[in-house]
Amino acid sequence: MNDMDEVGPITRRRRATITSARENVSLKRMNRKGIQNVQGNGNNVVFKQNVSEIPSSKTPTERRNRKTAPIESLSCHSVQESLLSSTSGYRNYRGVLNWCVVMLVLSNARLFLENLLKYGILVDPIQVISLFVKDPYSWPAGCLVIVANVFILVTLYTERWLSMGRFGEHLGLMIHSTNLSIILAFPVFVVLMVDSITPVGGALALGVYTILFLKLYSYKDVNRWCREMSHAKVRRLARSLSCPSWQSSKGGVEQSQVCYPGNLTIRDLYYFVLAPTLCYELNFPRSPQIRVSFLLRRLFEMLFFTQLLVGLTQQWMIPIIRNSMKPLEDMDLSLMVERLLRLAVPNHLLWLIFFYSFFHSTLNFAAELLRFGDREFYRDWWNSETVTYFWQNWNIPVHKWCLRHFYKPLLRKGVSKWASQSAVFFASAFFHEYLVSVPLKMFRLWAFMGMMAQLPLAWFVARFLSGNYGNAAVWISLIIGQPIAVLMYVHDYYVLHHRVETEAPGTL
């Protein structure tokens, strides 16, 4: 037997130390029997083993555990909950979300194919022009928007004269109140009296005047606050009314700040009129520069989604609305519900597209072009668990205006919180009806009642529903509530106009 036979089997647990690569080699190997000293010179290697130096191997407990280890390794069960159980703590449902998106795309693709096979291609870009103007040489809605500059200048010069003390606050308040009242009443008179204004053109003009009303009201309030604070000899104002000499922007560019009454200029007022906000400040946050690539992306989205909205409306919604007139006239409840559910999907899809194209694409385009820094136009309204949270977060410019110029002033006057909230919903209901009934030239109060119905709905959801159930209730109100109002207005408009036109030949 040679030296190699005396050495036990070598396992994987080894530790080797090499002191010389060529002349003297000293290695130590660890195996289950002990330590081997390996020495060599050149190619001659001698193995030595000192078994007496090996300590005792294992204790009885370790040997027992070692015997049971193979048995435990055969176990494949443990105490655990199913993934879909609420106590499992599992929250990664990304695959389920992807499945929902795929099913949604497939189902809508089927509906789109069915629509094409049944009606053919109904998209007509030329017909869209007739929605805005009846006569290509007559643009009454555009002229109405141009006239709005008169009310802007009246507000500016009223504030200038107030700052110079030419007349008192009471006369200034009277002038502002008259000007703001005319802003709301004048377009109503024009739309109702001029037959050449189309419903779409009238709605756009009234939308411009409504935005202008909210902006000039804020402009009037902020300048009045400035006068009150200047009369109180307060030189350092709050952030929204501040007058520091210099302020460094994020891009490292220093910009001079405006103090009252230095803000009463045409340039300052028209910047506010064009800016994507309803709340006036003397010094708006500004971005350091215009990002051309960002601007072009938003412009492309505006053009694309506008065409998509028009195409889906002509191809999908109009045929459903036309087929819904007969069940509404006959008061066939089952067919009315079927038409309502059929209209809910395209109507809600169009509403989502409109939200993205306006609140993200259009407002970001205007903000980037004007270097307007505050881009919070919406928050996570899709996670709303209450109706109140939805209305507070889906339209941030309007929410900020209501909070700053309507809700908080009511609270400061001693009005209760519930009454103030009801007043805000009432004002919102008024403007919703204002923007729908006047362009259609009929008054049915469907939009007004729909907005006021949000009050009991908000109370019910906040009281009895929470979490996912509350979020589902908000989504159901959005998906079902809007088509009901659409069908009501379209039915009444059809009865007042198209039915008269179809029945007129038979009466002659």
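Tyr 90 is partly exposed, with a relative accessible area of 29%, and Tyr 93 is partly exposed too, at 34%; buried means under 20% relative accessible area, exposed over 50%, and partly exposed in between (1.4 Å probe, protein chains only). This is a predicted model, in which local features need pLDDT of at least 70 and side-chain atom pairs pLDDT 80 or more, while totals for chains, interfaces and linings use all residues. Residues are numbered from 1 along each chain, and side-chain values use heavy atoms, without hydrogens and water.

The structure holds 40 aromatic pairs. Rings of Phe, Tyr and Trp (its six-membered ring) pair if their centres lie within 6.5 Å; planes under 30 degrees apart count as stacked, over 60 as edge-to-face and the rest as tilted. Two pairs are tabulated.

| Pair | Centre distance | Plane angle | Class |
|---|---|---|---|
| Tyr 90 and Tyr 93 | 5.4 Å | 85° | edge-to-face |
| Tyr 271 and Phe 284 | 6.0 Å | 45° | tilted |

Tyr 271 lies in helix H8 and Phe 284 in the loop between H8 and helix H9 (292-330), so the pair ties together parts 13 residues apart in sequence. Helices (H or I, at least four residues) are DSSP runs, numbered from the N terminus. Both Tyr 271 and Phe 284 are buried. The buried residues of H8 (residues 266-274) include Asp 268 and Leu 269. These buried residues pack against helix H5 (140-164), helix H7 (199-231) and helix H10 (333-370), where contact means heavy atoms within 4.5 Å.

Ring pairs also link a cluster that includes Trp 351, Phe 354, Tyr 378, Trp 391 and Trp 475.

Conventions: Helix = DSSP H or I, 4+ residues; strand = E, 2+ residues; numbered from the N terminus.
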